[in-house]
Amino acid sequence: MELTRRDFLKASAAAAAFAAAGAQALAPRLASAADDKGIKWGKAPCRYCGVGCCVLVGVKDGKIVATKGDPAGPVNKGLNCIKGYFLSKALYGKDRLTHPLIRKGNKMVKASWDEALNLIASKYKEAIARSGPDSVAIYGSGQWTVFEGYTAVKLFKGGIGTNNVEPNARLCMASAVVGFMNTFGSDEPMGCYDDLDLGDTYILWGANMAEAHPVLFSRLIDNKLKNKKVKIIDIATRRTRTTQMADEYIPMVPQGDLAALNAIAHVILRDKLYDESFVKQHVSFKRGTENQPYGLKDKENPKEEPKPLTFDEYKQLMKQFTPEWAEKLSGIPAKKIEHLAQLYTDKSRKVNSLWTMGVNQHVRGVWVNNLIYNLHLLTGKICKPGENPLSLTGQPSACGTAREVGTFAHRLPADMVVMNEAHRKKTAEIWGIDPRKISPKVGLHTMEMFRAIDRGELKCLWIQCTNPFQSIPNLSRYRKAAQARKAFIVVSDIYPTRSTEVADVILPSASWVEKEGVFGNTERRTQHWFKMIEPPGEAKEDTWQLIELAKRLGHGNLFPYSQKNFHKEMWEEYRKFTIGTGKDLAPYETYYKVRGLRWPVKSNGQETRWRYTDADDAYVKKGEGVKFYKAPGNKATIWFRPYEPPAESPNSEYPFWYCTGRLLEHWHTATMTGRVPELKRAMPGATLEMHPEDAARLGIKNRDKVKVSSRRGSVVLIAEINGRGKPEKGNVFTTFFDETKLINDLCIDAFDPLSKEPDFKKCAVKVEKA
Amino acid sequence: MDSDTTNTGISRRLFLKGSILTPLTLALGGAAISAVYLRPTQARGFYLRPPGAIEEPRFLAACVKCGKCAQACPYQSIVMAGGEAGVGIGTPHIIPRETPCYLCPDLPCVKACPSGALDKQLTEVEKVRMGTAVIIDREGCLSIRGLRCEVCYRQCPLIDKAITIENRHNTRTGEHTIMEPVIHKDKCVGCGICEKVCVREKPVIAVQQRVTEQKDFYEF
């Protein structure tokens, strides 16, 4: 979006007027006044990551002509990252899907919506009749709007009668979710982004915020500029742009986090640095099931059987985890561990832990989440302004949709689960259906869903708003299964992707401001936007597509909303789930005006910045201090979680650790950012980052072609040495955005036994000159 | 200079003639450099020569226009100048916005040069000095405006050396950081990758001619 300076100044003035006028989004009066060129401005959250920047969208003649950071946006105050700057271009790629396509042999043939939907309905009906409702599934996304996720959950769980509903958030936030649930009894953080301004000590566990959370990182660094006391410590297996701006970098051996976090707790216990009264009042102790498998066999379904511990028993168990022990496993010197324990317990410091995929995409990801909470619970540095653990998310509505609406195989809205009879009853009541309609059986989690296709057990899968045939680990097994037409696969998307490639039906979707929607970001901020432009061609909203299937399957009555107030009516129904649960959402119209509100929204319409504290949370009475009111007995859990090795480690044949991740210029599988020529030019393809000494030993020079192979597959990449990221010796790193390089072929599909989240960060590979 | 050796195909006589002609060429070319060389798309006022190129007047005299450097370039970054280059017609240069120099560690272009126009004494890419990057439009630079761009920095082959990021408080938002890319001329090789990857329609960072080092520099 090229703006002349004149345009830009004009737009800025318009934006200021917009903000001053209380920002009635798209109010006709204001819109016509917006500028003489007739550009109408509306507000929306950014389409990309979980930070939740607010943008202003300028529309003229039914087309987006400009986007820019919204100065009234509390998260970004008018800023964007480079992806957000080119937001509108993501919608205007030349190859937008504009009409349904049906597979005829090896060809995809143009079809009408009716033909496509009738075909889908007949396939779903046939599978359900023959093999039962659990033979069909839907695989969605943390980029689904609340409405899309809610429609999917209601149709599949309440109508079809299967819990085979999964989001791609299983691949990124599932471990965080289980961590929240088994520690605090409720999903999502107690803190918020304000902690990034108010704290003074930030310990990053496996998070490259500089690239994955760009605007948020800019906010964190500003705190450092203002306050000399601020210390940022980056604990990682790779030097990144985050490392570059951190005060201290602590390199760690992959999987070493389990050992290091335990050893920090050991020091805190050994030196009696814990907050005794906080622990007594707010914490209980448990030990989970250990030595669980890694999910490498199909249908493995390990269960956790927690045993309560006393504080003394816990202390006794923790005696073995000395810093010297941890040094051997994590590579972090014992002295450093002592130093970290001092930081975590320093009474003059406000300590925050931040983490993302390094922790969550981990075969013991839930454990690492638990172990981080342990430190905050032992020290009482939690639920205070400027002092919290904060799990960062990567998708715009991983929280708002996947987690809050509950588009997981075991979840229902607002922290409820299908296994719980009372939860099913409450859900059925709101939906006006027989509680027996909702199956108590947990559906297939993501990896099992794709494995079930390979086994021939899952007959129909509808994929919306995500690209699993590029993004799941051990990819070739699942691509082969799909290519062998083992299941009927429907893909709704806005562009051809590596997933539409294997589809039987491709449906063109509306994206972002081509429909009305609500997203929820990392800090529990719920943001709304209106539809501003028409989708291209015959493209339709994902909700419409699902309801059309519902009608054809005889479940149309589940969606009795009027056409005029469709979104409002659905929202008000969904909102019922949240009222009185501590996850309260506001009436729909409230969100028209605000740049998002952080739930629980209080009865006076105010948002909640910090949960579980009488300082801010209305669910905690004044004088009660901290109260984990969602946890059993109002007590959060400190878990005993020992060290366990990764699923696969390097050996002489495959001597390198293989780690995958994201970078600033592209988002996920780049189906959107890859259509922005500027971003494509800025970062054209995936590279393999190596340590210079490793490269030199193998005779690999910068930009040489290298072949990376694991036991599962291989890929040829360009070596990048001494670039933006520098893995530690014995590690290599690549990114997953490049659709021409299926780097997930190499990844192992081992997953956490509790969260079922795969480990994209650790498997063994070899590297050769190609 | 040993450009009179047989393998260059230039006889001593021809070379001497060339040397006499050089000042004349330069005088005439001076105007041409400012007028013709200033192509609107480049706006840099000089030709970006391949790594190891000797000083421009000597380069023009030494280069035999054989195209071997261009042949050796695996990225086809080196192109031969057309008629618009005046006396420089047929000499190799790089248009970074199209294809910059990717700094091959073994410098194949230098190795391929038969004439000494590309100096074979150059063996380390970090010592290449083709030109230097300059932010030519600070107002247009998204990073300087507070956005999280810094594409030039992250793509710089000498990241944290030739380009570093200087953080300063963003007074406009009050709670963010302006992460400004700062170019260090003593480290910048002038490869032009930053110019290539700049996301603006007209790149706000571009390679310009290196100015000869000033002697009265001040260090702090």
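1. Starting with the sheet in chain A: strand β25 (residues 656–661) and β31(A) run antiparallel, joined by 3 bridges. Two strands count as paired here if DSSP finds at least two bridges between them. Phe656(A) sits opposite Val765(A) of β31(A). Helices (H or I, at least four residues) and strands (E, at least two) are DSSP runs, numbered from the N terminus.

2. A word on the model: it is predicted, so to speak of local features takes pLDDT of at least 70 and side-chain atom pairs count only at pLDDT 80 or more, while totals for chains, interfaces and linings use all residues. Residues are numbered from 1 along each chain as its sequence is written, with chains lettered from A and ligands numbered from 1 in the order written.

3. β31(A) also pairs with strand β27 (residues 705–709) of chain A, antiparallel again, over 4 bridges. There, Val708(A) has Val767(A) as its bridge partner.

4. Now helix α11 (residues 256–270) of chain A: its 15 residues reach 21 Å from first C-alpha to last, close to the expected 21 Å (1.5 Å times one less than the number of residues). It is largely enclosed by the rest of the structure, because 14 of the 15 residues of α11(A) are buried. After α11(A) comes Lys272(A), with a positive phi near 50°.

5. Over in chain B, there are domain 1 (10–129) and domain 2 (131–211), with bounds from an automatic or database domain assignment. Between them, 14 residues of domain 1 contact 16 of domain 2 (C-beta atoms, placed from the backbone, within 7 Å).

Definitions and conventions
Two residues are in contact if their C-beta atoms, placed from the backbone, lie within 7 Å. A residue is buried if 20 or more other C-beta atoms lie within 10 Å of its own, exposed if 12 or fewer, and partly exposed in between; C-beta atoms are placed from the backbone.
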